[in-house]
Structures are given as structure tokens and as C-alpha cells.
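Hi everyone, thanks for making time for this. I'd like to walk you through a few things in the structure on the screen, so let's bring it up.

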Amino acid sequence: MTTDNSTNGATSGLGAAAPVIGLTEVSKWYGNVVAVNDVSFEIGPGITGLLGPNGAGKSTLLHMMGGLLRASSGSVSVLGEPAAGNPEVYRKVGIVLEREAVYGSLTGWDFVRMNAKLHGIPDADAATKQAIVRVDMEYAQDRLTGGYSKGMKQRIKIAAAIVHDPQVLILDEPFNGADPRQRLHMIDMLRAMAREGRTIVFSSHILEEMERLGDRVLVIVSGRLAASGDFRAIRRLMVDRPHTFRVASSDNRRFAQALVGDAAVTAVELEGGQLLVRTNDYGRFTLEAPRIAQSAGITVRELAPSDESLESVFEYLVAGVRGGAGENS
Amino acid sequence: MILLIASVTLRQVGRQRRMLLLVLLALVPVLVSLLYRFAATDDAPDGHIQFASGILATFVVNLVLPLSALLIGTSALGQDIDEGTIAYLIAKPLARWKVIVAKILAGWVLTFGVVLISVVGTGAIVLVGEDGFSLVPAFAVAVAAGALAYVVIFVALSLRFSRSLIIGLAYVFVWEAIISQFITGVRFLSVRAYTVGIADGLTEVSTDILDRSLAATPAVVLLSILVALGTWYSVRALTRYQIAERV
Amino acid sequence: MTTDQGSQHAQTSDASSSIYDLGYRRYEGARLGRRQAVLALYRESLRAAFGLGRSTSAKIGPAILILFALVPALIQLAIAALVPVGEIELTSHHDYYGGVKFILALYVGIVAPDIVGRDQRNRSLTLYFTRAITRYDYALAKLAAMTTAVLVITLLPQLLLFIGNALAVDDFGGHAAENWDLIFPIFGTALFGSWLLASIGTFIGAQTSQRAFATVGILVAFLLPLTVALVVVQEIDGGWTDLFVFISPLDLVDGVTYWMFRVDTQPMDSIVAMTDYALSWYAVAGAAFGLVCTGLLLRRYRKVQA
């Protein structure tokens, strides 16, 4: 996996060409519930992934980027134009939503063709054929979409979204329910499209999917932007931050003494009956600590991370991102 | 574009189970008319005409028409909203009014088709060869106008409320069926009254029900205003439409 | 997870897999049987019908309709309180249902979907049918709950009316003693009518999980035959065409009410008066109608995929 520029996604806004998708201080709230909280970022050509747990606000952001939802405050722009209230923008934008909705009474062919016609494409039949071939649905194009399996519906939705050859493609959880073969096929297809210079944004809550596809990633947690940048770097960051462990053993003091001797440990603290150990090297510590205990003849009764919550990860990430603005990949 | 969207809507709505039930509903007055034709023993001079105008102006206009328009009109666009397929209509460089017109057109065609069964069936059975046959084309046109008005209302309702069916039901059963009938002052706000008024204006047949109705000209004018306002509102609502978050 | 680093209780030397005791506890207590399950279902359905346990707006519908149904009786009560001169009859026991028939139809239309409609989502029925209750138990429990719910709106007004009439005459005890023979028809008609309307409402409500459709369907099922019967009986003098009165459940309830109260002359504008059938036929037709609907209801749940 090279990070060659043709698949670069999100930029940090330093002197790059005008971003394809730009969000500026965007918030969205429903009554008292804040779905998206002051989010700003820019997306350029290539594949960008939106990563975050369920309910984090990824769908909301994608809907706003797709002009289907208006921001409560802030602005969303696509290709220089406002995203919402602007039907013309859809000439260049294709959207694939998460819900399984298709017009069940139409055949696959008719469904994609309808979308082609509604986009005003002069030669709708040719475009339809091209799109259907691209998603590998020729074999089922004459069947009613109402009878499609979930994966087939997903692919025909993608065909409908790319039939007008859009420059920007937005996909909400495209891998939901896809079997491994479909997943691979979709990954290849999206990569090919990205190489053609398109901008692709997709969302997922599964780390592994990001790994395969999204070189650039935006991490959304509780409606806020928690991290952005190269996926692997972020992953390392999430693991390589300082950790604190809570230890209960048969002899805390002796254990602390032994642990301090190891390079992975940065601090130990004895408090009441508890031992807190701080470390900068998660991997090394988890390997060494049991060995140290064993050679010192100490029984470890409990060894648990004490700051594993998403909040602490998030706090760390946000501090890191804000402090290290301009960190490119 | 409009025809394309309308034809897809026709297929989507027309294939629902409720269409069959509505057709059965539309056949009820036809069956009652059959019963009348073959079982009635009295031969009052204009008995046929009285019966036909009664059935048409009450059963068909009060029950078959609004119920059909309700079930069809709320789902013309409502189904897209509920299922999420509305995204395919609005994420397009397509003028919103075209979408609305297409939906209203599809709803209108389906509703009119269903109610026409009642009108033509009743008329053919009861009035064939009689003086009062002009009631049939008169009510056919009137029902077409009424169907348009109802569908416009229900499409607008489906954009505004997620529980449009219940609200539409309340409108049909409370406002149209009860209040506007018993309080003559508000007749001018009732689609039912417009429909009967238009029918009255198109036929020289004179029965109690028709005579008591709204005059034809105000009926047409008010109905047109209603259709225009309703369509305008729907276009506006669709322009501002925001996709609902998944529950 | 196959290594022992960082894990708390696993054995280090054991290479094979094992299942850990995480402290799940089994339920060792008493298990009530099928009877209790059915009663619980009945109780919960009844609570759902009146919106208990849900938001206020769920309680409004049935509550308002019950209130409306009580209005004629309340007025009678008011008159009795203000003008204690003999018995002024605004409405009588046997005419009551005819007057409130729209309210009854609306009530069933609103309550039935809450009783049977909601279970049809998300494969909840599958869960029910893997418990101690049988399919028939489920259907009958629901029907019983619905009947009880309708009983509230049919019985309450009648009882209120009875009390009102007794209060109008200054001698409460005496009036009650004189008219105690009304008690049986009051309960009888209420029970029969409730069961009949409930069986129709429950059956239709069980067809769809969407409340609005069920409500529309139920309203049509009550009001369509009512209108048709009225039209046919009034406009068509065909002799046998009068049989159409038997397709309308609301009219059947009327007829049975007249029958139980032994009223031989009915108000002129009631359809029962227009047709000349012996009142007992209404009971027969009503019973048949109710049994058919109940049977259809049972059949409907028999076919649900488990």
C-alpha cells in the first residue's frame, strides 16, 4: 500500500488546490440532541473514509455532504458550491445511502436507466449498460429489484449512483452485509474509480475495512472530529499513546521495584492497595510485565488498563491533532 | 421526466395490496345498483334518477372517492418518504415541481380510475336508456375534479406529516363526512361539496341532493384555488425537504 | 487471545481451548404455567389498549371516546339532578348503542391496532409462540382483552344511565328494585355487542402491523355495511333485499339490544324498524358473525410462520 498521491484523500488545507468537499464549523442538532458538533475538514480526490462507532454522526455528515440535510450552523460546500438546496450539484455527485431502498417493481436495468434519465443523460442506454457492467450485475439486470438479495441491491444502488459518471461519490456504510467476494469486488471498483481522479467518501465502523480501502481517514466520535490523516499513523497513535495500567499482585511494592527497571515503564505509583503503572510502549509492556512477575516470584491477580475509555482516547487524539496541525502524510 | 416519474409511481403504488381492496370498495355501489335494478319493485317515475343521484352523490362521492384518494394520495409520495427511495428523486438535477406534478398525476390517474368504476358501473346499470343518463358524464367529470383536489391535499399532507394517513382519515371522516355536511356555512371549504356542485352544474337533472349543493361556478373556482395552493405548498415543502435520520 | 499475557485467570500451560465460567446464573425459581402466561398476556394487552405504560397521547384516544360515549348518560344524569320530576327520557337503554355507533366504531378502530397490531413487528410473534402458550391461547387472549376493552365503552354508559334514571326518581332503592330486570339485558347486550365488535376489530387488526391501515380497515368494515344496508333497505323495496341489514354488525348490535330489552316498537328511523324481521334473528346473525370472525382470527394465527 503506497501512499502515492493519486489516492490521497483528506488534506489539511495547506496550500492545496481548492478542496472537493469542504466543511466549515458545521454543526447539526435536533432539538436538544447534537448530532454533529463543530466539525471542519476538507476532502480532496482519492478515497477518504469516515470512521466511527455507531451513532457517532457519520451518516449525518454524509447526508450533509450530499445535500440531503441542511447544517444547523456552518457551511458545507461541494466543488465550490453549497451542498444543500442546490439540485444542480447532483450532476457531479452520486450518493449511495445505507437503507436498502430501491424501486422494487422495476428491473435492475429499468431502475438504473430511470436514474440515468433523471440525470438528463443523452444516451441513457449506453450509460446504463456501462454502469451495470461496472458493478457486475449484468446477469441479474432483467430481474425485478424487489427480488434481489441485500448484496445485489447494494450493487444496483451503486450502479444507479455512478450512471452519470459523477466526480464525487458518497457511500454510507457500503460494506454492510456484503459477503467477502462482493467486498473485494467493491474495493477494486472504488480503487479504480479513485485512480481516475474521482473523490470517494465512504463510512464504516469497522477498522479492517478502513485499512483496506481508506488511505485517509476521518475519525468521528460523538459528533466530533477526533482524528484525521493517514489511517496507519492514526492507528499507531491510538495504540502508542501513554497507557496506565492498574495492577493487583501478591507484593505490589516489590513488583513496582522490578517494573521500574524496565525501559517500557515510565512511572509507577503505589496508592492504597493499588499499583498504577504508566507506560509508553504498550506492546513491550504487555510482553514484559508477566515475565518480570514470574522471575520475581510474584503472583499477578489483576492487570487492567485504567484509561481505555473512548473518551480518553479521544481526548488524547484531539489534543494531538490540534497540537499537531499540519501533519501531513 | 414527469411521465417517467409518474409511470414508476403508478407501478409502485398500483401493485400494492390496498389497490385490490379499493377496487372492491368501488364495486360495492355497483353491486348495490345491480341489486336495485333487479330487485326493486316500485316504479316511481324518476325513481331510477333519485336512486342514482343518491348513490353517486353520497356513497361514491362521500366514501369511495375520499378513501381511494386517501390511500393512494398519501402513498404516492409518502411511500418514497417512508422507504427512503425519495433520495432517487431529490438527489438529481431535477426541478422539484416536476417531481410533485408527476406524483400528483400518478395519484390522480389511479384514484380517478378506481372511482370511475363506481360512476360508470352505477350509471350503466341504473340509468341506461333513461333521461337521467347525463348524470354519468356529469359525475365522471366532477369526480375527476374531486380526485385531483383530494390527491393534491394528501400529497401535501404526506410531505408535512409522517402520520399522514391517520390525519387524512380524520380529515375525511370528521371534516368532510360530518362537519361540512351539517354546518352549511363551511361548505365552501369542502372538497365533497365542490364535487357535487360541479356535477350539479353539468347536468340538468334535478334532485334534492343536487339542488342543495354548492353552485357550479364557485365550486370550480374554489377547487382550482385549492389545487393551486396545494401544489405550490408541496413544491415548497419538497424543496426544503431534509432526509429523515434512520430511527 | 491465545497467549496469556495480560489475561487474568487463564491457565498458562493449557494449550487446548476452554470455556470460562463468567458467572452466568440460571433461574431456579418457580415457573408459572400456561394459565398464568395467558392471563399475563391478557393483562398486558388490556394495558396496551388504554395506553397505560406509554405516553399520555396514547391514553387520550380511548379516553376521549369513552367520555363521548358517556355524554348521553351524563346529560340524563344532569337532568335528573336538576329537574327531579318523574322520568325524563333523553335516551333509553335500548336506543343507546344506536346513538353512539360511530363512537363505538372509532373506538374499536383505535384500540384494536394497539392490541394485536404491535406484536406483528420485528418477529415478536415468533417469540410469543415459543413460550408456553399455544396459538389459540394467544388469539383468544387477545380477543378477550379486546372484548374487555370494548366492554368498558358499552357497559359504563348503560350503568351510568341506570343510575341516572334511578336518581331521577327520588326513590333510588325502589327504582332499582323495580327495574332490576333491566340489569340482565344491560350486561347481556354489553357483553354480546362487545364480543361481536371485538371479534371483527381484532381480526382486521391482526392483518397488518401498520396502525393506520388497521384503523381504516376497521372503520370501513363497520361503516361500509352500515351505509350499504341503509341504502338497500331504504331505497330498494325488494322484499328479500331487506336481508342486507344482517351484513352490518352495528345494526346487529342494535337489533340484539332491542331483542334483549324486549322492545317491540323501535324508533321509526332505525333500520331495525324498517325491516320486519323477528328480533331473535339479529341474535342468530350476530352470533354467527361473531363466531365466523373468531374462527378467522384463530385461523390467522395458526398460519403465522414460527
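Let's begin where two chains meet: in this predicted model, 16 residues of chain B are in contact with 13 residues of chain C. Which helices of chain B supply at least two residues each to the side that touches chain C? Those are α2 (17-39), α3 (47-83) and α7 (164-182). If you sort that side of chain B by class, you get 13 nonpolar, 2 polar and 1 charged residues.

Stay with α3(B) for a moment, please. Its axis and that of helix α6 of chain B, residues 135-160, come within 8 Å and cross at roughly 30 degrees. The crossing of α3(B) and α6(B) is right-handed. As for what sits in the contact between these two helices, there are 20 nonpolar residues, 6 polar ones and no charged ones.

Now over to chain C and its helix α8, residues 183-205. With 23 residues at 1.5 Å a residue, α8(C) should span 33 Å, and the end C-alpha atoms are 32 Å apart, which agrees. Is α8(C) enclosed or open? Since 18 of its 23 residues are buried, α8(C) is largely enclosed by the rest of the structure.

Last stop, chain A. Helix α1, residues 58-65, has 8 of its 8 residues buried, so α1(A) too is largely enclosed by the rest of the structure. Among those buried residues are A:Lys58 and A:His63, along with A:Leu61, A:Leu62, A:Met64 and A:Met65. Just after α1(A) comes A:Gly67, which takes a positive phi of about 75 degrees.

That's my tour, and I'm happy to take questions.

Terms used:
Residues numbered from 1 in each chain as written. Chains lettered and ligands numbered in written order. Predicted model: local features only at pLDDT ≥ 70, side-chain atom pairs only at ≥ 80, totals over all residues. Helix = DSSP H or I, 4+ residues; strand = E, 2+ residues; numbered from the N terminus. Expected span 1.5 Å × (residues − 1). Buried ≥ 20, exposed ≤ 12 C-beta atoms within 10 Å, placed from the backbone. Contact = placed C-beta atoms within 7 Å. Nonpolar A, V, L, I, M, F, W, Y, C, P; charged D, E, K, R; others polar. Axes fitted to C-alpha atoms, helices over the stretch in contact; angles between N-to-C directions. Left-handed = near helix turned anticlockwise from the far one by under 90°.
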